[in-house]
Amino acid sequence: MENEKLYIKNKYLKIYTTKVGYVGDEGVVFDKTIFFPGGGGQPEDKGFVLLLKNNYQIPTSVLDSVKEKYNNIDIYEDKDFYNFLDAISGLLSCDSYEISKINSFYEYEDLIFHKLDKIEEMDIREGDSVILFLNWNNRRRNMQRHSGEHIVSGLFWKYYKAANKGFHMGDHYVTIDLKSQEFPVITWDMVKKIEYLANKTIWDNVDIATDIFENKAEASIRDVRKDINIDDGEISVVTIGNTLSPIDCVACCGTHPNKTGEIGIIKIFKLEKNKDMWRLYLDCGYDAYEDYRQKHNIVTKLCEEYSADRDSLEEALRKKKEQIEEERDNLFNLKKKLQRIYVNEIINAIQTKDDSVWCDIFSYDDVDASDLIEIGNNVAGVLRQDNYKNEALVLITEKDSVAMLWSLDEKINAGGIVKAMVLDGLGKGGGNVKFARLSYNKDVDDIIKTFQGLLKNL
(Lines give C-alpha, C1' and ligand atoms only; values in the text may rest on other atoms or scores of the structure.)
Protein backbone atom coordinates (compact mmCIF):
# COMPACT_ATOMS: atom_id res chain seq x y z
CA MET A 1 0.00 0.00 0.00
CA GLU A 2 1.39 3.38 -0.98
CA ASN A 3 1.51 6.05 1.72
CA GLU A 4 3.78 8.89 0.66
CA LYS A 5 4.59 11.40 3.43
CA LEU A 6 4.55 14.70 1.59
CA TYR A 7 5.44 16.76 4.68
CA ILE A 8 8.99 15.35 4.61
CA LYS A 9 9.87 17.12 1.36
CA ASN A 10 7.40 19.99 1.56
CA LYS A 11 6.25 21.06 5.00
CA TYR A 12 4.41 24.05 3.51
CA LEU A 13 1.59 22.11 1.80
CA LYS A 14 -1.67 23.31 3.35
CA ILE A 15 -4.15 21.59 1.02
CA TYR A 16 -3.82 18.50 -1.15
CA THR A 17 -6.00 16.20 -3.23
CA THR A 18 -5.39 12.45 -2.97
CA LYS A 19 -7.18 9.11 -2.80
CA VAL A 20 -8.16 6.70 -0.06
CA GLY A 21 -5.85 3.68 0.04
CA TYR A 22 -7.28 1.81 3.03
CA VAL A 23 -10.22 2.01 5.45
CA GLY A 24 -10.22 -0.02 8.67
CA ASP A 25 -10.67 0.03 12.41
CA GLU A 26 -7.17 1.50 12.77
CA GLY A 27 -8.18 4.50 10.67
CA VAL A 28 -7.91 5.69 7.09
CA VAL A 29 -4.73 5.58 5.04
CA PHE A 30 -4.40 7.96 2.09
CA ASP A 31 -2.16 7.36 -0.90
CA LYS A 32 -0.38 10.58 0.05
CA THR A 33 -0.66 12.66 3.21
CA ILE A 34 0.36 16.15 4.27
CA PHE A 35 -0.23 15.43 7.96
CA PHE A 36 2.66 14.90 10.38
CA PRO A 37 1.53 12.29 12.93
CA GLY A 38 3.70 13.63 15.75
CA GLY A 39 7.07 12.45 17.00
CA GLY A 40 10.46 13.61 18.20
CA GLY A 41 8.76 15.69 20.88
CA GLN A 42 6.60 17.58 18.37
CA PRO A 43 2.80 17.29 18.68
CA GLU A 44 0.74 15.92 15.81
CA ASP A 45 -0.87 18.07 13.15
CA LYS A 46 -4.51 19.11 13.06
CA GLY A 47 -6.81 19.27 10.08
CA PHE A 48 -9.86 18.14 8.14
CA VAL A 49 -10.71 15.71 5.37
CA LEU A 50 -13.22 16.55 2.64
CA LEU A 51 -14.62 13.40 0.99
CA LEU A 52 -15.88 13.89 -2.55
CA LYS A 53 -19.08 11.80 -2.70
CA ASN A 54 -20.22 9.49 -5.49
CA ASN A 55 -16.93 9.78 -7.38
CA TYR A 56 -17.56 13.48 -7.90
CA GLN A 57 -14.81 14.97 -10.06
CA ILE A 58 -14.16 18.48 -8.91
CA PRO A 59 -13.37 20.79 -11.87
CA THR A 60 -9.75 21.97 -11.96
CA SER A 61 -10.80 25.62 -11.96
CA VAL A 62 -12.94 25.07 -8.85
CA LEU A 63 -10.15 23.17 -7.09
CA ASP A 64 -7.67 25.92 -7.92
CA SER A 65 -10.04 28.52 -6.51
CA VAL A 66 -10.56 26.48 -3.30
CA LYS A 67 -6.79 26.12 -2.88
CA GLU A 68 -6.19 29.82 -3.45
CA LYS A 69 -8.80 30.81 -0.87
CA TYR A 70 -7.54 28.28 1.70
CA ASN A 71 -3.91 29.30 1.26
CA ASN A 72 -4.85 32.89 2.06
CA ILE A 73 -6.81 32.48 5.30
CA ASP A 74 -5.80 31.84 8.90
CA ILE A 75 -7.13 28.74 10.62
CA TYR A 76 -6.69 28.86 14.40
CA GLU A 77 -9.79 27.05 15.61
CA ASP A 78 -12.30 24.60 14.13
CA LYS A 79 -14.84 27.38 13.69
CA ASP A 80 -12.43 29.15 11.33
CA PHE A 81 -12.46 26.14 9.02
CA TYR A 82 -16.25 25.94 9.03
CA ASN A 83 -16.37 29.65 8.22
CA PHE A 84 -14.11 28.86 5.27
CA LEU A 85 -16.57 26.18 4.10
CA ASP A 86 -19.35 28.74 4.23
CA ALA A 87 -17.20 31.09 2.16
CA ILE A 88 -16.76 28.50 -0.62
CA SER A 89 -20.35 27.28 -0.55
CA GLY A 90 -20.84 28.84 -3.97
CA LEU A 91 -18.03 26.69 -5.39
CA LEU A 92 -18.95 23.30 -3.92
CA SER A 93 -22.45 21.96 -3.51
CA CYS A 94 -23.03 20.54 -0.03
CA ASP A 95 -24.42 17.40 -1.71
CA SER A 96 -21.06 16.70 -3.34
CA TYR A 97 -18.94 16.24 -0.22
CA GLU A 98 -18.72 15.21 3.42
CA ILE A 99 -16.41 16.75 6.02
CA SER A 100 -14.67 15.14 8.97
CA LYS A 101 -12.19 16.45 11.49
CA ILE A 102 -9.09 14.34 12.07
CA ASN A 103 -9.04 13.40 15.76
CA SER A 104 -5.63 11.73 15.90
CA PHE A 105 -3.04 9.71 14.01
CA TYR A 106 -1.59 6.25 14.35
CA GLU A 107 1.66 5.21 12.69
CA TYR A 108 2.41 1.55 12.11
CA GLU A 109 4.94 -0.08 9.79
CA ASP A 110 5.58 3.19 7.98
CA LEU A 111 1.86 3.78 7.35
CA ILE A 112 -0.02 6.75 8.79
CA PHE A 113 -3.58 5.98 9.87
CA HIS A 114 -5.89 8.99 10.17
CA LYS A 115 -8.57 8.70 12.86
CA LEU A 116 -11.60 10.56 11.49
CA ASP A 117 -14.19 12.09 13.79
CA LYS A 118 -17.14 11.09 11.58
CA ILE A 119 -15.85 7.83 10.15
CA GLU A 120 -19.01 5.94 11.12
CA GLU A 121 -21.24 8.50 9.40
CA MET A 122 -19.20 8.73 6.21
CA ASP A 123 -19.50 6.31 3.33
CA ILE A 124 -15.77 6.36 2.70
CA ARG A 125 -14.18 3.63 0.60
CA GLU A 126 -10.87 2.70 -0.96
CA GLY A 127 -10.31 4.68 -4.14
CA ASP A 128 -12.46 7.65 -3.09
CA SER A 129 -11.06 11.11 -3.76
CA VAL A 130 -10.45 13.41 -0.82
CA ILE A 131 -9.10 16.89 -0.17
CA LEU A 132 -6.81 17.22 2.86
CA PHE A 133 -6.87 20.55 4.73
CA LEU A 134 -3.98 21.20 7.12
CA ASN A 135 -4.37 23.60 10.06
CA TRP A 136 -1.36 25.61 8.96
CA ASN A 137 -1.19 27.91 11.99
CA ASN A 138 -0.96 24.89 14.27
CA ARG A 139 1.80 23.39 12.07
CA ARG A 140 3.71 26.68 11.96
CA ARG A 141 3.40 27.08 15.72
CA ASN A 142 4.81 23.60 16.28
CA MET A 143 7.66 24.20 13.81
CA GLN A 144 8.57 27.52 15.44
CA ARG A 145 8.64 26.03 18.92
CA HIS A 146 10.41 22.81 17.91
CA SER A 147 13.07 24.59 15.85
CA GLY A 148 13.53 27.16 18.62
CA GLU A 149 14.17 24.30 21.02
CA HIS A 150 16.80 22.94 18.58
CA ILE A 151 18.60 26.29 18.48
CA VAL A 152 18.65 26.73 22.27
CA SER A 153 19.70 23.11 22.85
CA GLY A 154 22.40 23.34 20.19
CA LEU A 155 23.86 26.54 21.63
CA PHE A 156 23.89 25.20 25.19
CA TRP A 157 25.75 22.13 23.91
CA LYS A 158 28.15 24.23 21.85
CA TYR A 159 29.12 26.66 24.63
CA TYR A 160 28.60 24.69 27.84
CA LYS A 161 28.38 21.02 26.79
CA ALA A 162 24.96 21.01 28.45
CA ALA A 163 23.03 18.08 27.02
CA ASN A 164 19.30 18.19 26.36
CA LYS A 165 17.94 15.39 28.56
CA GLY A 166 14.34 15.95 27.53
CA PHE A 167 11.97 18.66 26.38
CA HIS A 168 8.22 19.19 26.32
CA MET A 169 6.04 21.43 24.18
CA GLY A 170 3.16 22.35 26.49
CA ASP A 171 0.15 24.58 26.00
CA HIS A 172 1.74 27.62 27.65
CA TYR A 173 5.50 27.11 27.35
CA VAL A 174 8.29 24.81 26.21
CA THR A 175 10.60 23.19 28.76
CA ILE A 176 14.13 21.88 28.23
CA ASP A 177 16.00 19.86 30.85
CA LEU A 178 19.77 20.41 30.67
CA LYS A 179 22.71 18.66 32.31
CA SER A 180 26.39 19.48 31.97
CA GLN A 181 29.39 17.70 33.50
CA GLU A 182 31.63 20.69 32.80
CA PHE A 183 29.16 23.27 34.18
CA PRO A 184 27.17 21.61 36.99
CA VAL A 185 25.52 24.96 37.77
CA ILE A 186 23.73 26.81 34.97
CA THR A 187 23.37 30.50 35.81
CA TRP A 188 20.98 33.14 34.58
CA ASP A 189 23.91 34.98 32.95
CA MET A 190 24.57 31.85 30.88
CA VAL A 191 20.88 31.75 29.95
CA LYS A 192 20.92 35.40 28.84
CA LYS A 193 23.94 34.76 26.64
CA ILE A 194 22.27 31.78 24.95
CA GLU A 195 19.01 33.68 24.51
CA TYR A 196 20.83 36.48 22.70
CA LEU A 197 22.74 34.06 20.47
CA ALA A 198 19.52 32.15 19.73
CA ASN A 199 17.77 35.31 18.56
CA LYS A 200 20.85 36.36 16.59
CA THR A 201 20.54 33.03 14.79
CA ILE A 202 17.00 34.05 13.87
CA TRP A 203 18.07 37.52 12.73
CA ASP A 204 20.79 35.99 10.54
CA ASN A 205 18.07 33.88 8.87
CA VAL A 206 20.31 30.84 8.45
CA ASP A 207 19.30 27.66 6.64
CA ILE A 208 17.55 24.74 8.31
CA ALA A 209 18.17 21.57 6.32
CA THR A 210 16.62 18.14 6.77
CA ASP A 211 18.68 15.38 5.15
CA ILE A 212 17.53 11.78 4.85
CA PHE A 213 20.14 9.05 5.29
CA GLU A 214 19.60 5.40 4.45
CA ASN A 215 21.04 4.17 7.73
CA LYS A 216 22.97 5.05 10.87
CA ALA A 217 26.33 4.54 9.19
CA GLU A 218 25.56 7.13 6.51
CA ALA A 219 24.17 9.59 9.08
CA SER A 220 27.39 9.31 11.09
CA ILE A 221 29.12 11.71 8.70
CA ARG A 222 27.29 14.51 10.55
CA ASP A 223 28.59 15.78 13.89
CA VAL A 224 25.34 15.31 15.81
CA ARG A 225 25.07 16.56 19.40
CA LYS A 226 23.12 13.49 20.47
CA ASP A 227 23.91 9.85 19.71
CA ILE A 228 21.65 8.29 17.09
CA ASN A 229 19.81 5.36 18.67
CA ILE A 230 18.20 4.02 15.47
CA ASP A 231 20.07 1.04 14.01
CA ASP A 232 17.93 0.22 10.98
CA GLY A 233 15.95 2.27 8.49
CA GLU A 234 16.04 5.84 7.24
CA ILE A 235 17.28 8.58 9.54
CA SER A 236 16.51 12.28 9.12
CA VAL A 237 19.09 14.71 10.45
CA VAL A 238 18.21 18.36 10.99
CA THR A 239 21.07 20.84 10.61
CA ILE A 240 20.76 24.51 11.49
CA GLY A 241 23.47 26.60 9.83
CA ASN A 242 26.66 25.48 8.14
CA THR A 243 27.17 21.70 8.20
CA LEU A 244 30.87 22.18 9.09
CA SER A 245 30.12 24.37 12.11
CA PRO A 246 26.37 24.19 12.75
CA ILE A 247 24.30 25.93 15.38
CA ASP A 248 22.69 22.54 15.90
CA CYS A 249 22.79 19.14 14.26
CA VAL A 250 20.65 16.29 15.55
CA ALA A 251 18.55 13.38 14.32
CA CYS A 252 14.90 14.43 14.32
CA CYS A 253 11.73 13.28 12.56
CA GLY A 254 9.80 16.52 13.14
CA THR A 255 8.91 19.29 10.72
CA HIS A 256 11.04 22.44 10.57
CA PRO A 257 10.96 25.65 8.51
CA ASN A 258 13.53 26.24 5.81
CA LYS A 259 14.98 29.36 7.47
CA THR A 260 15.48 30.41 11.08
CA GLY A 261 13.87 33.78 10.32
CA GLU A 262 10.51 32.00 10.22
CA ILE A 263 10.81 31.24 13.96
CA GLY A 264 10.41 34.95 14.71
CA ILE A 265 11.61 35.21 18.31
CA ILE A 266 12.84 33.07 21.20
CA LYS A 267 12.19 34.15 24.80
CA ILE A 268 13.43 32.28 27.87
CA PHE A 269 11.21 32.96 30.88
CA LYS A 270 12.69 31.04 33.77
CA LEU A 271 15.51 28.77 34.98
CA GLU A 272 15.09 26.36 37.87
CA LYS A 273 16.80 23.32 39.41
CA ASN A 274 15.09 20.05 38.51
CA LYS A 275 16.60 17.10 40.38
CA ASP A 276 20.16 16.81 39.02
CA MET A 277 19.32 18.92 35.95
CA TRP A 278 18.38 22.50 35.11
CA ARG A 279 15.02 23.26 33.53
CA LEU A 280 14.46 26.11 31.12
CA TYR A 281 11.02 27.59 30.45
CA LEU A 282 10.77 29.33 27.09
CA ASP A 283 8.62 29.93 24.06
CA CYS A 284 9.11 30.75 20.42
CA GLY A 285 7.41 32.40 17.47
CA TYR A 286 3.76 33.29 17.80
CA ASP A 287 3.54 32.04 21.39
CA ALA A 288 6.49 34.20 22.44
CA TYR A 289 4.91 37.17 20.66
CA GLU A 290 1.60 36.55 22.41
CA ASP A 291 3.34 36.32 25.78
CA TYR A 292 5.09 39.64 25.11
CA ARG A 293 1.85 41.25 23.95
CA GLN A 294 0.06 40.29 27.16
CA LYS A 295 2.94 41.45 29.36
CA HIS A 296 3.24 44.70 27.39
CA ASN A 297 -0.45 45.40 28.03
CA ILE A 298 0.12 44.81 31.75
CA VAL A 299 3.14 47.14 31.81
CA THR A 300 1.27 49.81 29.85
CA LYS A 301 -1.65 49.74 32.30
CA LEU A 302 0.73 49.94 35.26
CA CYS A 303 2.54 52.90 33.69
CA GLU A 304 -0.78 54.70 33.28
CA GLU A 305 -1.88 53.86 36.82
CA TYR A 306 1.38 55.02 38.44
CA SER A 307 2.06 57.94 36.07
CA ALA A 308 5.39 56.46 35.04
CA ASP A 309 7.17 55.42 31.89
CA ARG A 310 8.83 52.06 31.35
CA ASP A 311 12.19 53.23 32.76
CA SER A 312 10.74 54.70 35.95
CA LEU A 313 7.99 52.11 36.55
CA GLU A 314 10.12 49.86 38.77
CA GLU A 315 11.03 52.78 41.05
CA ALA A 316 7.38 53.90 41.16
CA LEU A 317 6.31 50.39 42.18
CA ARG A 318 9.05 50.26 44.85
CA LYS A 319 7.85 53.54 46.37
CA LYS A 320 4.26 52.32 46.24
CA LYS A 321 5.27 49.12 48.01
CA GLU A 322 7.02 51.12 50.75
CA GLN A 323 3.94 53.31 51.12
CA ILE A 324 1.65 50.29 51.41
CA GLU A 325 3.94 48.67 53.99
CA GLU A 326 3.99 51.89 56.02
CA GLU A 327 0.21 52.18 55.84
CA ARG A 328 -0.10 48.49 56.78
CA ASP A 329 2.07 49.10 59.86
CA ASN A 330 0.00 52.14 60.81
CA LEU A 331 -3.21 50.19 60.34
CA PHE A 332 -1.85 47.33 62.46
CA ASN A 333 -0.95 49.74 65.27
CA LEU A 334 -4.37 51.42 65.08
CA LYS A 335 -6.10 48.03 65.21
CA LYS A 336 -4.09 47.09 68.28
CA LYS A 337 -5.06 50.37 69.97
CA LEU A 338 -8.70 49.79 69.08
CA GLN A 339 -8.50 46.22 70.40
CA ARG A 340 -7.12 47.53 73.70
CA ILE A 341 -10.03 49.97 73.93
CA TYR A 342 -12.53 47.14 73.44
CA VAL A 343 -10.65 44.97 75.96
CA ASN A 344 -10.72 47.71 78.60
CA GLU A 345 -14.42 48.43 77.98
CA ILE A 346 -15.34 44.74 78.32
CA ILE A 347 -13.26 44.24 81.47
CA ASN A 348 -14.67 47.41 83.02
CA ALA A 349 -18.23 46.26 82.21
CA ILE A 350 -17.57 42.87 83.82
CA GLN A 351 -15.91 44.33 86.91
CA THR A 352 -18.76 46.79 87.53
CA LYS A 353 -21.66 44.47 86.74
CA ASP A 354 -24.24 43.08 89.12
CA ASP A 355 -22.82 39.97 90.85
CA SER A 356 -25.95 38.02 89.91
CA VAL A 357 -24.98 38.29 86.22
CA TRP A 358 -22.28 35.75 85.43
CA CYS A 359 -22.78 35.35 81.68
CA ASP A 360 -21.27 38.29 79.76
CA ILE A 361 -22.41 38.72 76.15
CA PHE A 362 -21.16 41.52 73.91
CA SER A 363 -22.21 41.97 70.27
CA TYR A 364 -20.54 44.20 67.67
CA ASP A 365 -21.40 45.11 64.11
CA ASP A 366 -18.06 46.79 63.24
CA VAL A 367 -15.52 44.19 64.37
CA ASP A 368 -14.48 41.22 62.25
CA ALA A 369 -13.81 37.72 63.54
CA SER A 370 -10.00 37.93 63.44
CA ASP A 371 -10.01 41.05 65.64
CA LEU A 372 -12.69 39.66 67.92
CA ILE A 373 -10.71 36.55 68.80
CA GLU A 374 -7.74 38.75 69.74
CA ILE A 375 -9.99 40.87 71.95
CA GLY A 376 -11.58 37.82 73.57
CA ASN A 377 -8.26 36.10 74.26
CA ASN A 378 -6.93 39.24 75.95
CA VAL A 379 -10.07 39.64 78.07
CA ALA A 380 -10.05 35.95 79.06
CA GLY A 381 -6.35 36.18 79.95
CA VAL A 382 -6.93 39.14 82.26
CA LEU A 383 -9.94 37.52 83.92
CA ARG A 384 -8.12 34.25 84.52
CA GLN A 385 -5.13 36.14 85.92
CA ASP A 386 -7.45 37.98 88.33
CA ASN A 387 -8.99 34.62 89.34
CA TYR A 388 -12.49 35.46 88.13
CA LYS A 389 -14.73 32.46 88.64
CA ASN A 390 -18.17 31.50 87.41
CA GLU A 391 -17.61 33.46 84.22
CA ALA A 392 -18.65 32.74 80.63
CA LEU A 393 -17.69 35.33 78.01
CA VAL A 394 -19.54 35.49 74.67
CA LEU A 395 -18.39 37.86 71.90
CA ILE A 396 -20.38 38.19 68.69
CA THR A 397 -19.44 39.81 65.39
CA GLU A 398 -22.57 40.58 63.40
CA LYS A 399 -20.28 41.62 60.56
CA ASP A 400 -19.08 38.03 60.02
CA SER A 401 -22.01 36.19 61.71
CA VAL A 402 -19.65 34.52 64.18
CA ALA A 403 -20.08 33.97 67.92
CA MET A 404 -17.25 32.96 70.27
CA LEU A 405 -17.50 31.49 73.74
CA TRP A 406 -14.75 31.53 76.38
CA SER A 407 -15.21 29.43 79.53
CA LEU A 408 -13.55 30.67 82.73
CA ASP A 409 -15.12 27.96 84.87
CA GLU A 410 -14.21 24.30 84.53
CA LYS A 411 -17.90 23.41 84.92
CA ILE A 412 -18.68 25.26 81.68
CA ASN A 413 -17.80 23.25 78.54
CA ALA A 414 -17.58 25.79 75.73
CA GLY A 415 -17.30 23.13 73.03
CA GLY A 416 -20.29 21.22 74.41
CA ILE A 417 -22.48 24.33 74.35
CA VAL A 418 -21.60 25.20 70.76
CA LYS A 419 -22.13 21.56 69.74
CA ALA A 420 -25.65 21.70 71.21
CA MET A 421 -26.35 24.85 69.18
CA VAL A 422 -25.06 23.15 66.01
CA LEU A 423 -27.35 20.19 66.65
CA ASP A 424 -30.25 22.64 66.97
CA GLY A 425 -29.46 23.89 63.45
CA LEU A 426 -28.16 27.30 64.52
CA GLY A 427 -24.98 27.06 62.44
CA LYS A 428 -21.65 25.29 62.19
CA GLY A 429 -18.77 25.22 64.61
CA GLY A 430 -16.94 23.50 67.41
CA GLY A 431 -14.13 23.84 69.92
CA ASN A 432 -12.78 22.57 73.21
CA VAL A 433 -13.63 22.97 76.88
CA LYS A 434 -12.21 26.48 77.18
CA PHE A 435 -13.07 27.97 73.79
CA ALA A 436 -15.55 27.35 70.99
CA ARG A 437 -16.71 29.16 67.89
CA LEU A 438 -20.04 29.20 66.06
CA SER A 439 -20.72 30.48 62.53
CA TYR A 440 -24.41 31.13 62.98
CA ASN A 441 -27.22 31.25 60.43
CA LYS A 442 -30.01 32.75 62.54
CA ASP A 443 -30.89 36.21 63.80
CA VAL A 444 -28.34 37.51 66.29
CA ASP A 445 -31.04 38.04 68.95
CA ASP A 446 -31.92 34.32 68.72
CA ILE A 447 -28.26 33.43 69.16
CA ILE A 448 -27.97 35.64 72.26
CA LYS A 449 -31.11 34.14 73.81
CA THR A 450 -29.87 30.62 73.12
CA PHE A 451 -26.54 31.30 74.80
CA GLN A 452 -28.32 32.84 77.80
CA GLY A 453 -30.64 29.86 78.11
CA LEU A 454 -27.93 27.19 77.81
CA LEU A 455 -25.57 28.95 80.22
CA LYS A 456 -28.29 29.71 82.74
CA ASN A 457 -29.10 26.00 83.06
CA LEU A 458 -25.51 25.10 83.99
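**Close-up views of a predicted model**

View 1. Cys-249 is buried, with a relative accessible area of 4%, where buried means under 20%, exposed over 50% and partly exposed in between, computed with a 1.4 Å probe and protein chains only. The model is predicted, so that local features need pLDDT of at least 70 and side-chain atom pairs count only at pLDDT 80 or more, while totals for chains, interfaces and linings use all residues. Residues are numbered from 1 along each chain as its sequence is written, and side-chain values use heavy atoms, with hydrogens and water left out. If a disulfide is taken as a pair of cysteine sulfur atoms within 2.5 Å, the count comes to zero. For Cys-249 the nearest cysteine sulfur, that of Cys-252, is 11 Å away, whereas for Cys-252 the nearest is that of Cys-253, at 5.6 Å. Cys-252 is also buried, with a relative accessible area of 8%.

**View 2. The largest nonpolar core.** This core, a set of buried Ala, Val, Leu, Ile, Met, Phe, Trp, Tyr and Cys residues joined through side-chain atoms within 4.5 Å, has 29 residues, and Ile-151, Phe-156 and Ile-186 are among those with the most contacts inside it. The helix α4 (188–203) is one of the elements that each supply at least two residues, and α4 gives the most, with six; helices are DSSP runs of H or I with at least four residues, and strands are runs of E with at least two, numbered from the N terminus.

**View 3. Around Ile-186.** Not counting residues up to four places away in sequence, Ile-186 touches Phe-156, Ala-162, Leu-178, Val-191, Leu-271 and Trp-278, contact being heavy atoms within 4.5 Å.
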